[in-house]
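I set out to look up one side chain and one ligand site in this entry, and I note below what I found.

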Amino acid sequence: MNLKRLRILQEGKDKIGPVVYWMQRDQRAHDNWALIYAQSKAIEKNTSLFVVFNLVSNFLDATLRQYGFMIKGLQEVEGELCRHNIHFVLTVGDAEIEIPKFLESINASLLIADFNPLKISRGWKKSVADKIDIPFCEVDAHNIVPFHQVSAKQEFAAYTIRTKIHKLLPEFLDELPSLQKMKNNINQVKIEWKKIYDLLNVNKDVKEIDWLIPGEMAAHNILQEFIKNKFTKYATDRNFPTHDAQSNLSPYFHFGHIAPQRVALVIQPLTENEESHKDFLEEMIVRRELSDNFCFFNKNYDSFEGFHPWAQESLNIHRKDKRDYIYDLEEFELAKTHEDLWNAAQLEMVASGKMHGYMRMYWAKKILEWSKSPEEAMKIAIYLNDKYELDGRDPNGYTGIAWSIGGVHDRPWFERAVYGKIRYMNYNGCAKKFDVKKYIQKHLR
Ligand code: FAD
Ligand code: FO1
């Protein structure tokens, strides 16, 4: 592995003992740089390799919908690791307590984690680091170009990060080594997943979805399906909410069931359709890595204070503007606004767990327009996005909402009531772009 993917979070005393990969964001056995590195260290130190996943039952208010998808994916990880003689351990509770306890229990000599820019995860790592004295490092297994190699600061927009990423792609878009089988057999105690399910005290009103199968294998099938049936039309159709033209990879990226690097390696040779090739890699590499950059370098990624000064100033000037409509969280959540297009988007998300990408922009901007303040709009948009989207609680989500409501990574537009200089979208704009009636009929049952 290119050691530029590695970040040392804490030096430590070198000692004999197993190597541990604390799996969190990249929940897959294959194409996982953090696991590849951990395994290389275990073999080098001639010691055993453990993968530990700490289950918290209140991750940013995730519901049964997300936990169900995630836990089924973890069951597949357990089976795959066992087949490679790699221990998979599930701990339950506070990471700050459970991870140091686990490390102690097996006298671990090295801790490796995958990269996650979200505050909650960085907080966990800080507390764990304070409690352990062994070396603790982090591998960016989520991005093709490791986030800290791309830039050491918050990037202004896609056009500023794009050149930095493209310059480094030849070095980092390399083939991923296969996971090896550890030589010593292990007698893995199977995890009782049914019991795990039952102990989850999560919101069970948001039902699991049934139109996507979770896990690493299913992710690869979705990729093949995308390539076979949708890829050539991606450039022309991806922004039509009435077409099923997106890849549907985001829930798998969110839970790390598939590596964007693997997807890029598979897509790269498909150059017969230039536009789709360019557009898809732009979204999946540049846009996605821009979100990690924003969330890592801007601690206010989920609030008004995270917006650029021009946007904060402009929204402040229009704070007192008359709102034609004002809705509270419940009215938004129950799709009880005056506008059927917005209600249809909300219901698409509630029912399917995945709102169409184009509608997400429109959906969030209308929440800005029909809330009593930009702060209230941020809270409502994040709450609903993270409660119902399968791919919610993700850097892409916080960044997408900050783009829509606060113009992050966008530029100032013509000034208007309520929005100030934040880019405006409206019903007529949508009607010019796609068949809104068809979209409404489909989702406004
Ligand atoms: P495709 O069009 O097939 O794209 C493939 C991949 O490219 C996506 O999986 C994603 O990783 C990346 N990508 C595509 N569009 C974007 C984008 N605008 N920003 C960053 N990466 C992108 N994405 C999430 O993963 N989770 C969220 O919670 C989320 N919330 C959003 C909220 C708002 C208000 C907005 C405007 C965007 C949000 N996005 C979010 C970004 C984007 O809408 C989704 O990533 C995309 O719709 C996922 O569907 P797909 O994988 O089928 O997309
Ligand atoms: N990460 C964990 O380490 N433990 C969890 O129990 C956990 C639950 C969870 C539930 C929903 C969800 O969307 C994410 C969840 N994550 C959990 C984090 C996830 O794996 C990613 O690290 C983050 O969402 C960042 O993308």
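**Entry 1: glutamate 138**

I located glutamate 138 in strand β6, residues 136-139 (strands are DSSP runs of E of at least two residues, helices runs of H or I of at least four, numbered from the N terminus). The model is predicted, so local features need pLDDT of at least 70 and side-chain atom pairs count only at pLDDT 80 or more, while totals for chains, interfaces and linings use all residues. Residues are numbered from 1 along each chain as written, ligands are numbered from 1 in the order in which they are written, and side-chain values use heavy atoms, without hydrogens and water.

Is glutamate 138 buried or exposed? I list glutamate 138 as buried because its relative accessibility is 5% (buried is under 20%, exposed over 50%, partly exposed in between, with a 1.4 Å probe and protein chains only). I then found a 2.8 Å polar contact between the side chains of glutamate 138 and lysine 125 (N or O atoms within 3.5 Å; within protein, one able to donate a hydrogen and the other to accept it, with residues adjacent in sequence counting only if both atoms are side-chain atoms).

**Entry 2: ligand 1**

I looked up the shell of ligand 1 and found 27 residues, with Tyr234, Ser247, Asn248, Lys354 and Asp391 the closest (a heavy atom within 4 Å). Helix α12 (274-297) is among the elements that each supply at least two shell residues, and α12 gives the largest share, six residues. An oxygen atom of ligand 1 lies 2.6 Å from a side-chain N or O atom of serine 247, and a nitrogen atom of ligand 1 lies 3.1 Å from one of glutamate 283.
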